[in-house]
Structures are given as structure tokens and as C-alpha cells.
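Welcome! Please take a look at the sequence and the structure below, and then read on for a short tour.

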Amino acid sequence: MELVQNIKTSPVITRYPETILSRHDVPYPSALTFNAGIIRHEGRYIMLFRNDYGSYEEQRLDGTNIGLAFSDDGIKWNVEPEPVLDGKSFGDQFAPGEVLRLYDPRITPMDGRFYVSFAIDTRHGVCGGFAVTDDFHHYEPLSIVVPDNRNMVLFPEKINGNFVRLERPMPVYSRGRDRFDIWMSDSPDCVYWGKSRFVLGVEDVPFANDKIGPGAPPIKTDRGWLVIYHAVDLDPSRGKNGWEPAWKKRYTIGAMLLDLEQPWKIAGMMKEPLMVPEGYWEVEEGMRTNALFPCAALIDESGKLRIYHSAGDAILRLATADLDDVLDLCK
Ligand code: BMA
């Protein structure tokens, strides 16, 4: 295995200095607030976040639910008084008790409704699934895939008449542990999915030697669909991190462009990472340090690209860039 060395955050990125969301902002039990889907809709920001509860100080997790928060500027958030989903059930594809938890939500507004994807741990494997909501309090489950597959993100409009998702299956039997790539499927109704295609392989990403996966729902630009994804590199010499005795992986953030009409075709990609864990909140603190995980990217009211990402699987942070600077790097 070739080690990934000497990578750093792209100079086009500016980190927002404050934490966007932490356990201290949540009015119910909370230890880790991370991996949040965020959209800007009709002048306000809406967030669904993963809330792992237990005790941060005692390094103990008791469960996971999904929280809801609103904001005028995407910086200062008001968290609703109760979580909106507890993840103990999801539709009728699994019998009661077989769904263990929902996590890592991503939001895509489309045709006046809000589609939300989740990773879903079940007694029979890890699945990805979709639900749709009109008010963020009531969710209609639409579909769950066969395991193991997750990191599903929905494009913000239908392409050639169909819903399109990026996804990350985990082909352990044929590819080996963690040789995981980005795929795509489409659907007439967000329930029945097919026409799956390979999109980007871990071998295609110079700063990954382990696995990759979709991060945020794609953003439409005149040069293609901008996809912010996560990329993982392994280094056996890495030792102790956050709560674990040893952790060999590093989660970085990459950017690529997909063709507008044939989105399974790569229209450009950064050969260098967009972001690499650096500084106290990304390297020193957290439950699992050295892990940046983006679940939301959007264009804000000033035209800037915002990437909301977790740090240390513990808190939510924000990075910004000029959209054109990122597109220029996607060669
Ligand atoms: C992935 C998922 C994410 C997590 C990330 C970094 O495999 O489990 O939920 O944020 O690892 O630990």
C-alpha cells in the first residue's frame, strides 16, 4: 500500500473560526453532533444532524437520533426541543426491532418536497435509504437498499426524467476490505432504483489509498455537477486518536465535476484534496480525530460555496471558498 503523504488543505479554502454546532447547543441528551444535512431554503437554513447521545466526558455512547435546527444565516442555529427521528423503525421493509439506527442525513429539496437520505444500521447489514418530508417533523419512508451500501446523496433535480443518486456500496467479497468506490443509480419514483453505474474508483483519487464515498448532494454549475466527497487514506503507523486506542485512517475532502446530462461521466476532478484535517478541532479533539466528513455543500446568499463538515465525529464546522476557484481546480 502506498502511503498518502504531504497533503494539505487547498489555499482556496477558508475555515470559519467558530464551531457551527456542538453538544452544548442541543436541549436534549447529546454527546456528539455531526454529519449534518443542511439546505438553504426560502431565505433560511435548515439542518438535520446526527446526534449521538451518552456522555462525551465519559466517552460513552448510548444511542443515536436525528435533530432538527433552523438558522437565518447558517452560522447561529436554533435546535428544536426534541429530536425528530429516533431511528427505531423505518418503513415496512424490516420487521419491528430490526432497524437499529438512522444516521448521516443528507437533504435534497426537489419539486416542493424535501428528500432525506440516511445510513441505516439493521440487524442484517448497513443500508442506505430515502424518506420524504414536507415539514421536517413527519417522514414518509420511500426505500431501503440491500446491504452493504450507504452514503447516498440525491441530485437536486431529475435528470432525463429520473431521480439520480450517488452511493457507496461496500463490496468486501470481491474488492477486499475498504476498496470502496462511488456508484450511481436512477429511479422514476425514489422507490425503485436501477441502471447502476460505476462513477469514481478509489484508485482514481491520488490522495486516497483506502476508500471514497459521496459527501454532499451535488450542486449544479455551468461546468457540471459539483460533488464534494470524502476520501480515506490509511497509514499503519498512526496511533492513538480521540476515544480509540489506535486509528489508522484519515478522512479528507475531495471535489469533482460530473457531466450535466450524463452524470456518471467525470467532467473534472481535483488531483489534490480540497481539505485535510489540520489544527486543534480537526486533529486534536473529538471522538475519532483526523476525520473530516462533509454531508452538505451549498451556495450562500453572497454566492460563496459553503461546505459543512464534521470534525472528529464530534462537532460541525464550516469551510467556504469561491465557487469558481474550486471549479478551476477540477481539471
Ligand atoms: C464513516 C461513517 C461516518 C463517520 C466517518 C468517520 O465510515 O461511519 O458516519 O463520520 O466514518 O469516522
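The space taken by the ligand is the largest pocket. Here a pocket is an open set of points on a 1 Å grid over the protein atoms alone, with protein on both sides within 12 Å along at least five of seven lines, and a molecule sits in it if more than half of its atoms lie within 2 Å of its grid points.

This is a predicted model, in which local features need pLDDT of at least 70 and side-chain atom pairs pLDDT 80 or more, while totals for chains, interfaces and linings use all residues. Residues are numbered from 1 along each chain as its sequence is written, and side-chain values use heavy atoms, leaving out hydrogens and water.

Around the ligand you will find, among them, Phe34, Asp104, Arg150 and Lys211, each with a heavy atom within 4 Å of it. By class, this shell has three nonpolar, one polar and six charged residues.

| Residue | Distance to a ligand oxygen atom |
|---|---|
| Asn35 | 2.9 Å |
| Arg50 | 2.9 Å |
| Tyr251 | 3.0 Å |

Taken alone, the ligand exposes 310 Å², and the protein buries 91% of that (Shrake-Rupley method, 1.4 Å probe).

What about disulfides, meaning cysteine sulfur pairs within 2.5 Å? The structure holds zero.

Notes. A polar contact is a pair of N or O atoms within 3.5 Å; within protein, one must be able to donate a hydrogen and the other to accept it, and residues adjacent in sequence count only if both atoms are side-chain atoms. On a 1 Å grid over the protein atoms alone, a cavity is a set of points where a 1.4 Å probe fits but cannot get out, and a pocket is an open set with protein on both sides within 12 Å along at least five of seven lines; lining residues have an atom within 4 Å of a point. Ala, Val, Leu, Ile, Met, Phe, Trp, Tyr, Cys and Pro count as nonpolar, Asp, Glu, Lys and Arg as charged, and the others, Gly among them, as polar. A disulfide is a pair of cysteine sulfur atoms within 2.5 Å.
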